[in-house]
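Please keep the sequence and the structure open while reading.

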Amino acid sequence: NKLTLFGEVPDNWAVSEIGEIAELRQGLQISKKLRVSADVKGSIPLLKITDLPNGIFSEYVKDIPENYIASKEDIIYTRTGQVGLVYTNVQGCVHNNCFKVILDYNKFDKNYIYYYLNSKNVWKYSNSVASGSVQKDLTHGAFKKCLIAYPELDEQRAIGIILSTLDEKIETNNQINKKLEEMAQAIFKQWFVDFEFPNENGEPYKSSGGEMVESEMGMIPKGWKVREISSIFNVKDGTHNSPKAIEKGYPLVTSKHLMDTRLDFETANKISEVDYNEVNKRSKVNRYDILISMIGTVGNLYLVQNEEIKFAIKNVGLFKTSERLDLYEYMYCYLNTPIIRQYIKERMAGSTQQYISLSELRKIPIILPKDSKFDLIKEFKKIANPIFNEIYTISNEVEKLAEARDKLLPKLMSGEIRVPINN
């Protein structure tokens, strides 16, 4: 048998260095002055590491040479800063911090190669050979020496189908969760942004002539008030230190680990129990708290609904909505409104990397109904709470599917589990 990153593989599998079977094509270094807005004719997204996880692109470019452009068939591998992240099915200009991995798909199955490169084993290899202490950099030469084991094309395809089927189910569940959240957000908008909540007669308040008054947040119903968010519950941030990373321990979640529907514990550093307890003296995360990314891609939100997962935070804002359980659904939806997203955007600082300060988070203005109408939030909770519970149930299923995929992957990539081939 032959030794690889996944241990021994069957004798009839091939083992090569990546450089022997693939071409690495580095992305384009393009100055900020040459970047354009999305509505410029002929513009394409700039595929930056900060934007790739969520697939929402913040910068665009035009007139790019063809060899720097990725199609949905290409595999993109990150090489600077966050080393070893893998993406496909995206189109745009590859940024200098990444390279395309180009193979002959008459000999290799794209899904097989994608999952092989996306494994923890390859991630560990790439991060171990990347140079630099402040910011890691993976050279072409170092990555080309990475070993890759592969069976015949038919078996590659069969392995790729198993893993991609699990990912498709995960994506379907994530889309369901997105729709559920949009439902809650639509009701919130109708009641608390458009102020068309049901009045005493069950009619929409504003369009039925409900009295509106001027406030710092524009026109609001008479008797409603605007308060700073920190006057309602505590607003904190994570540690400012960098606890030592260890092999096994508690995840240290930073802003880059806040995804659309989940927290990325896989790529988060692990810290010791001593460091975990030290961080949590300042900023312990409890069930029903809300997290917000404070640096890089600012403003990603995550509602914590699992009380069993223990983690610490750094460069992450913490809204202690667990102190006001009557309000957490309301607050999550409020922080997700365009008006608050714009408010945060206008208060970001930093030229190289954007961030928002804790003091600015604490000043976020929140509109609350007058006391006699405070039951309105209870009525919203009756609608929103089952939706958020369903999102949580589906998220748990996603975690189990991802766990199954991650356990299967090394067994399939080492040939420990063989896939029957239907000829």
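A residue is called buried under 20% relative accessible area, exposed over 50%, and partly exposed in between (1.4 Å probe, protein chains only). The model is predicted, so local features need pLDDT of at least 70, side-chain atom pairs count only at pLDDT 80 or more, and totals for chains, interfaces and linings use all residues. Residues are numbered from 1 along each chain as its sequence is written, and side-chain values use heavy atoms, with hydrogens and water left out. Helices (H or I, at least four residues) and strands (E, at least two) are DSSP runs numbered from the N terminus.

**Salt bridges**

- A salt bridge is a side-chain nitrogen of Lys or Arg within 4 Å of a carboxyl oxygen of Asp or Glu; the count is 29.
- Arginine 25 bonds in this way to glutamate 23, at 3.1 Å from N to O. Arginine 25 is partly exposed at 25%, and glutamate 23 is partly exposed at 38%.
- Lysine 320 forms a salt bridge with aspartate 289, with 2.7 Å between the closest N and O atoms. Lysine 320 lies in the loop between strand S22 (316-319) and helix H7 (328-335) and aspartate 289 in the loop between H6 and S19, so the pair ties together parts 31 residues apart in sequence. Lysine 320 is buried at 6%, and aspartate 289 is buried at 0%.

**Aromatic rings**

- Rings of Phe, Tyr and Trp (its six-membered ring) pair if their centres lie within 6.5 Å; planes under 30 degrees apart count as stacked, over 60 as edge-to-face and the rest as tilted. The whole structure holds 24 aromatic pairs.
- Phenylalanine 108 and tyrosine 150 have ring centres 5.0 Å apart and planes at 70 degrees, so this pair is edge-to-face. The two residues are 42 residues apart, with tyrosine 150 in strand S12 (residues 147-150). Phenylalanine 108 is buried at 7%, as is tyrosine 150 at 13%.
- A cluster linked by ring pairs includes Phe188, Trp191, Tyr205 and Phe380.

**Strand S8**

- In strand S8 (residues 75-78), Ile75 and Tyr77 on one side and Ile76 and Thr78 on the other are all buried.
- Strands pair if DSSP finds at least two bridges between them. S8 pairs antiparallel with strand S9 (residues 86-88) over three bridges, and four bridges join S8 to S11, also antiparallel.
- Isoleucine 76 has tyrosine 87 as its bridge partner in S9, while isoleucine 75 has valine 101 in S11.
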